[in-house]
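Dear colleague,

Please find below the sequence and structure that I am handing over to you. My notes on what was found follow directly after.

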Amino acid sequence: MRLIAMMLILGVAGGSTGEVFAQQGPPARFAIQGVTIIDVESGERVGDQTVVVTGNRITEVGPSAQVNAARMRVIEGSGRFLIPGMWEMHAHALQHYGVDYAYGMDAFQLFIANGVTGVRDAGSAMDQVVAGRRRIAETGVAAPRIFAAGPILEGNGQSRFAPFTKVVTTPEEGRLAVTALRDAGADWVKIHNALTRETYLAVAEEAAIWAIAFSGHVPEDVTMVEAAVAGQTSLEHLGAVFAYCTASRGQRVSIDREKCEAGLSELSLIGTFLGPTLVSAAPLTASDPRASEDRLQYIKPSKVATWAPLPDAAPADRHDRYELSQELTRMASDAGVRLIVSTDTGGAYRVPGFASIDELVELVNAGVSTIDALRAGTLYPVMSLGLEDSLGTVKAGKLADLVLLEGDPLADIRNLRRIAAVVSDGRVFEGLDREALLFDVRRSAAR
């Protein structure tokens, strides 16, 4: 009865647990031959390697002269570069992406086409999670692995985002919601700004009891260091970092460097991850490529119509905020805080998959090293989920989530856009197969 009551509280009819989604189909065996592997752990390039995939696993990696690729499909890797599949750690991909409430699969196909083979969904109604998982399993549509939070836990007066929020106003309600989410099949718990300090701490305690990760925003009366100590896996966006590290002096906002560096060092020691969301801080104008027809052709016009029009020029204070965001991000990386790609995809002008690569470019523009930016999109997300034994590097025994690039991403992070092929759970999208994903989404948007 207690479980039924909790599920009714969250509006849940049922759920499924664990990582999603292994693609269905006959086992395949293929080799990527003569490729340069980017070892994201060491930051080194390992040249002339052959990678063999059997089913959905990498079964052999070694020098091309020593790996026998006879009698299997061969994908040409010479002159190309291979990285682990990328991750988007803050997307709202399972909520109604359009305004037609059609549970469209467009977002999932865009992620795969852009090399994003894993997504952490940061807030959806639980019935959307169940319906999305079922549809992917039944149709075999190209989709990343999805770790879903279900409804966001939010404080009083913040129900405007229903049904993908659950308002909890007391510690007991917070504990009950954590238990209900876990029982309903949520992979993690997403918290938001308006939780009271007492409710936030109760959520943290309950999450620890059930060994379920919790992450998200940080309430105003909780510092970023307190959130890290409480066990919050990652800090989403830079709000808590701004609150801790900056002070207003008249109309000028400046960084308290000594305090900030000490706090960021604490985050690094504890092992807390940070998703800066620089794509949100970056000034956006009508002439920006992110607002171009090349991007918006993948989004339904009815959805675009709900987004605010962009100015021809961004105001000066927006540039100031952006520069502060860049500096705080650089300071966090220099302090050893592990960054993750968190774009809030689903929001205005953040097109699934494209926005994830935009964020990696923004990290490098902010002064983060190219290898640490690449880790933010590949290795660190996997570590934050505790999945480094099965994902995050190109090694034998790992699951086959891979991206084959035409250019070296260590030489220029923008080469992440030059995708030759994507391997998602062993399923290959190369050439026309990958183009078909993009065409299908364009056709759906136009329709």
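How many salt bridges does the structure hold? The structure holds 20 salt bridges, a salt bridge being a side-chain nitrogen of Lys or Arg within 4 Å of a carboxyl oxygen of Asp or Glu. Please note that this is a predicted model, in which local features need pLDDT of at least 70 and side-chain atom pairs count only at pLDDT 80 or more, while totals for chains, interfaces and linings use all residues. Residues are numbered from 1 along each chain as its sequence is written, and side-chain values use heavy atoms, with hydrogens and water left out.

Side chains of opposite charge can pair when their charged atoms come close. One of the salt bridges joins the side chains of Glu 236 and Arg 120, with 2.8 Å from N to O. This pair links distant parts of the chain, as Glu 236 belongs to strand β13 (residues 234-236) and Arg 120 to strand β7 (residues 116-121), 116 residues apart. Helices (H or I, at least four residues) and strands (E, at least two) are DSSP runs, numbered from the N terminus. Glu 236 counts as buried because its relative accessibility is 4%, and Arg 120 is buried with a relative accessible area of 2%. Here buried means under 20% relative accessible area, exposed means over 50%, and partly exposed lies in between (1.4 Å probe, protein chains only).

A second example is the salt bridge between the side chains of Arg 295 and Asp 358, at 2.9 Å from N to O. Arg 295 lies in helix α10 and Asp 358 in helix α13, so this pair ties together parts that are 63 residues apart in sequence. Both Arg 295 and Asp 358 are buried.

The side chains of Asp 412 and Arg 414 also meet in a salt bridge, at 3.0 Å from N to O. Asp 412 is partly exposed, with a relative accessible area of 24%, and Arg 414 counts as partly exposed at 49% relative accessibility.

Aromatic pairs

A search of the whole structure finds four aromatic pairs. Rings of Phe, Tyr and Trp (its six-membered ring) pair if their centres lie within 6.5 Å; planes under 30 degrees apart count as stacked, over 60 as edge-to-face and the rest as tilted. The rings of Tyr 298 and Phe 354 have centres 5.3 Å apart and planes at 35 degrees, so this pair is tilted. Tyr 298 sits in the loop between α10 (293-296) and α11 (301-304), and Phe 354 in helix α13 (residues 354-365), so the pair ties together parts that are 56 residues apart in sequence. Tyr 298 and Phe 354 are both buried.

Trp 307 and Tyr 349 form another tilted aromatic pair, 4.9 Å centre to centre and with 55 degrees between the planes. Trp 307 is in the loop between α11 and α12 and Tyr 349 in the loop between β17 (338-339) and α13, 42 residues apart, and the pair links these distant parts of the chain. Trp 307 counts as buried at 9% relative accessibility, and Tyr 349 is buried with a relative accessible area of 11%.

An enclosed helix

Why is helix α2 (residues 106-113) described as largely enclosed by the rest of the structure? Eight of its eight residues are buried, so the helix is largely enclosed. Among the buried residues of α2 are Asp 106, Phe 108, Gln 109 and Phe 111. Gly 115, which follows α2, has a positive phi near 85 degrees.

Positive phi in residues other than glycine

Most residues other than glycine have a negative phi, and most peptide bonds are trans. Asp 48, although not a glycine, has a positive phi of about 50 degrees. Asp 48 lies in strand β2 (residues 44-54) and counts as partly exposed at 46% relative accessibility. The C-alpha atoms of Asp 48 and Ile 37 are separated by 8.2 Å, and these residues are 11 apart along the chain.

Ala 211 likewise has a positive phi, near 55 degrees. Ala 211 is placed in the loop between α5 (197-210) and β12 (214-216), and it counts as exposed at 72% relative accessibility.

With kind regards
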